[in-house]
Amino acid sequence: AAHSSPNLCPTMPEATTESDTKRILIVDDDAEIVESLRLALGAKGYNVLVARDGNQGLALAERESPDLILLDMMMPKRSGFLVLERLRKTRPIPVRVIMITANEGSRHKAYAEMLGVDDYIRKPFPMDRLVDSVQQQLDA
């Protein structure tokens, strides 16, 4: 067969280069939330990285330099607050962070804002609310 493979089809939209693809790091220990976020953000064309606890999240953030971090507040090993504090101390250019929390306390929100979160979303949240926030942060 002399036909070219379908992957080389000229009608395909031009692939974005790796550098154009925004990288989002999800740091959350809730498997269901992680999976929903991964699917929703992946469908929007984002490159999604996942860490299951704060220590892993920090390691990935330092190694991969994501464009945005979705950070759960309450996690094993290292809380979202501790991750955020460390990121703010170690990153010369602050990474955008959306904090996700099941906690209703206003003290937590005030502290998160003091540490410079870009958005603060309470669980449970509608997925489009989160995706909208992600798009706003990355377009800013």
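**Figure 1. Helices α1 and α5 cross in a right-handed way.** This close-up, like the others here, comes from a predicted model. Helix α1 covers residues 31-43 and helix α5 covers residues 127-139, and their axes come within 11 Å of each other. The two axes cross at roughly 55 degrees, which makes α1 oblique to α5. On the α1 side, look for S36, L37, A40 and L41; they meet M127, L130, V131 and V134 of α5. Sorted by class, this contact has seven nonpolar residues and one polar residue, with no charged ones.

**Figure 2. A glutamine in helix α5, Q137, and the residues around it.** Is Q137 buried or exposed? With a relative accessibility of 9%, Q137 counts as buried, because the cut-off for buried is under 20%. Leaving aside residues up to four places away in sequence, the side of the story to look at is its contacts: Q137 touches L68, R96, I98, D118 and D119.

**Figure 3. Helix α2 packs with helix α3 at an angle of about 25 degrees.** From α2, the residues making the contact are G54, L58, A61 and E62, while α3 brings V83, R86, L87 and T90. By class, the residues of this contact split into four nonpolar, two polar and two charged.

**Figure 4. Helices α3 and α4 make a left-handed crossing.** What angle do the axes of α3 and α4 cross at? They cross at roughly 15 degrees and come within 10 Å, with α3 running over residues 80-90 and α4 over residues 106-114. That angle makes α3 roughly parallel to α4. Zoom in and you'll find F81, L84 and E85 of α3 meeting H108, Y111 and A112 of α4. The residues of this contact come out as four nonpolar, one polar and one charged.

**Figure 5. M74 sits in the loop between β3 and α3.** Strand β3 covers 68-72, and M74 is found in the loop that leads from there to α3. M74 has a relative accessibility of 51%, so M74 counts as exposed. Now pick out G54, one of the α2 residues in the contact with α3. M74 and G54 are 20 residues apart along the chain, and their C-alpha atoms are separated by 9.1 Å.

**Figure 6. Zooming back out: five helices and five strands.** Starting at the N terminus, the elements run β-α-β-α-β-α-β-α-β-α. The protein has 140 residues, and 41% of them are buried. Take the contacts between residues at least 6 apart in sequence: 61% of these join residues at least 24 apart. As for the surface, the protein exposes about 8200 Å², with carbon and sulfur atoms supplying 52% of that.

Conventions:
Residues numbered from 1 in each chain as written. Predicted model: local features only at pLDDT ≥ 70, side-chain atom pairs only at ≥ 80, totals over all residues. Heavy atoms only, no water. Axes fitted to C-alpha atoms, helices over the stretch in contact; angles between N-to-C directions. Helix = DSSP H or I, 4+ residues; strand = E, 2+ residues; numbered from the N terminus. Parallel < 35°, antiparallel > 145°, perpendicular 65-115°, else oblique. Left-handed = near helix turned anticlockwise from the far one by under 90°. Contact = heavy atoms within 4.5 Å. Nonpolar A, V, L, I, M, F, W, Y, C, P; charged D, E, K, R; others polar. Buried < 20%, exposed > 50% of the residue type's maximum accessible area, 1.4 Å probe, protein only. Areas by Shrake-Rupley, 256 points an atom, 1.4 Å probe, with all protein chains shown as cover.
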